[in-house]
Amino acid sequence: MYAIRVESYGGAEQLQWKQVPDRDPGPGEARVTVLAAGVNFIDTYHRTGLYPVELPFTPGLEGAGIVMEVGEGVEEIEAGDRVAWTKCQGSYAEQLVGPADQMVPVPDGLEMESAAGVLLQGATAHFLSHDTFPLREGDRALVHAGAGGVGLLLIQMAKLRGAEVFTTVGSAQKARLAERAGADHVINYREVDFGDAVERIAGPRPLDVVFDGVGAATFDRGLSVLRRRGMMVTYGNASGPVPPVAPLRLTQEGSLFLTRPTGFDYMATRAELLQRASSVFAMVLSGEVSLRIGHSLRMLQARRAHEMLEGRATTGKVILTPG
């Protein structure tokens with residue numbers, strides 16, 4: 001089979017389409033024909049070594065496909081099942097062998113590209129808005145990168161929970177997408193200081209929560225617009241990791257809360273994974289949440305996908321398909 005391989009940490013040029021040996025599933029594993037793989041910022045962190053993984057490796061934690069065979073002891077799924085996953089390394093490939101207990105059933109009526117495209121980012125938006133900071137009617141939330149994959153989903157889920165949503169984008173096109181997702185206030189950060197814009201709309205330090213997947217470039221200013229005892233949720237590093245923060249800084253800013261969540265801790269058990277996945281899939285099937293697949297590329301174009309993602313040239317979800 002063919003797969004994308006990374007043999008040295010570095011830029012997108014490290015993503016190489018190569019033939020690799022097939023592998024049979026071992027105990028607790030399943031072998032799946034990959035129909036679509038989701039591209040996420042965490043894949044770029046693995047590629048650069050920001051989040052180290054053992055070299056060489058095939059990137060991609062998220063995908064969807066058809067189960068070909070299962071290994072000894074697997075009871076969760078069987079051959080022929082339609083499944084999706086968010087924590088199986090090696091998804092940029094024609095086939096994947098991974099832990100069966102990390103694969104969830106894809107409901108009838110949901111296309112496989114949609115299943116691959118919504119699970120990780122949809123689950124992220126879900127735990128951010130439902131658990132990390134459980135939004136309530138009237139809460140004021142700022143969603144950075146509102147036209148991105150997580151951003152568009154998070155705006156929609158925040159609105160479903162009754163929040164007033166501020167969001168930042170980098171272009172007029174992205175502003176339109178964020179508006180269609182339901183954002184109440186869309187701010188082009190290339191034209192104005194987003195903190196000034198927020199305070200012009202809602203007064204001094206009005207926000208209950210900031211959902212920040214951008215990182216270093218937006219973190220400090222985000223703290224400055226949080227209310228007393230507000231929460232900064234920093235969940236991504238699109239502009240680079242946030243430098244260390246002294247606890248005293250949170251005191252000085254108004255007894256703020258700071259958290260750096262990851263889906264691995266919000267879907268730590270199979271029960272949590274199934275519950276989160278079924279909730280997200282149900283939202284998509286019911287039409288409560290709309291998934292935008294902004295870019296669909298072949299797997300051998302993974303380098304281009306990473307370059308687009310890191311250059312903030314994407315909207316919605318980026319998908320890779322075999323071929």
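The numbered points below comment on selected features of this predicted model.

1. Basis of the note. The model is predicted, and local features need pLDDT of at least 70, side-chain atom pairs count only at pLDDT 80 or more, and totals for chains, interfaces and linings use all residues. Residues are numbered from 1 along each chain as its sequence is written, and side-chain values use heavy atoms, with hydrogens and water left out.

2. Backbone exceptions. Most residues other than glycine have a negative phi, and most peptide bonds are trans. The bond from Leu55 to Pro56 is cis, with omega near -15°. Pro56 belongs to the loop between helix H1 (41–48) and strand S4 (62–70); helices (H or I, at least four residues) and strands (E, at least two) are DSSP runs, numbered from the N terminus. Arg229 has a positive phi, near 65°, and is placed in strand S12 (residues 226–234). Arg229 is exposed, at a relative accessible area of 53%; here exposed means over 50%, buried under 20%, and partly exposed in between (1.4 Å probe, protein chains only).

3. Buried residues of H10 are Ala302, Ala305, His306, Met308 and Leu309. They cover an arc of only 165° around the axis, which puts them on the same side of H10; the arc is that of the directions from the helix axis to the C-beta atoms. An α-helix has 3.6 residues a turn, so residues three or four places apart point the same way. The buried residues of H10 pack against strand S1 (2–5), strand S3 (29–39), H1, strand S14 (293–298) and S15, where contact means heavy atoms within 4.5 Å. Arg312, with a positive phi near 55°, follows H10. Arg312 sits in the loop between helix H10 (302–310) and strand S15 (317–321) and is partly exposed, with a relative accessible area of 31%.

4. His306. This residue of helix H10 is buried, with a relative accessible area of 0%. The side chains of His306 and Arg47 are joined by a polar contact of 2.8 Å. A polar contact is a pair of N or O atoms within 3.5 Å; within protein, one must be able to donate a hydrogen and the other to accept it, and residues adjacent in sequence count only if both atoms are side-chain atoms. Not counting residues up to four places away in sequence, His306 touches Ala12, Leu15, Val39, Asp43, Thr44, Arg47 and Tyr92.

5. Aromatic pairs. The structure holds four aromatic pairs. The ring centres of Phe127 and Tyr266 are 4.4 Å apart and their planes are at 5°, so the pair is stacked. Rings of Phe, Tyr and Trp (its six-membered ring) pair if their centres lie within 6.5 Å; planes under 30 degrees apart count as stacked, over 60 as edge-to-face and the rest as tilted. Phe127 lies in helix H2 (residues 112–132) and Tyr266 in helix H8 (residues 263–266), so the pair ties together parts that are 139 residues apart in sequence. Phe127 is buried, with a relative accessible area of 1%. Phe41, Tyr45 and Tyr51 form one aromatic cluster.

6. The parallel sheet. Six strands form an open sheet in the order S10-S9-S8-S11-S12-S13, with parallel pairing; two strands pair if DSSP finds at least two bridges between them. Strand S10 (185–188) and strand S13 (257–259) stand at the edges, each with a single partner strand, so one side of each is left without a neighbour in the sheet. Strand S8 (residues 140–143) is joined to strand S11 (residues 207–212) by three bridges, and Ala141 stands opposite Val209 in S11.
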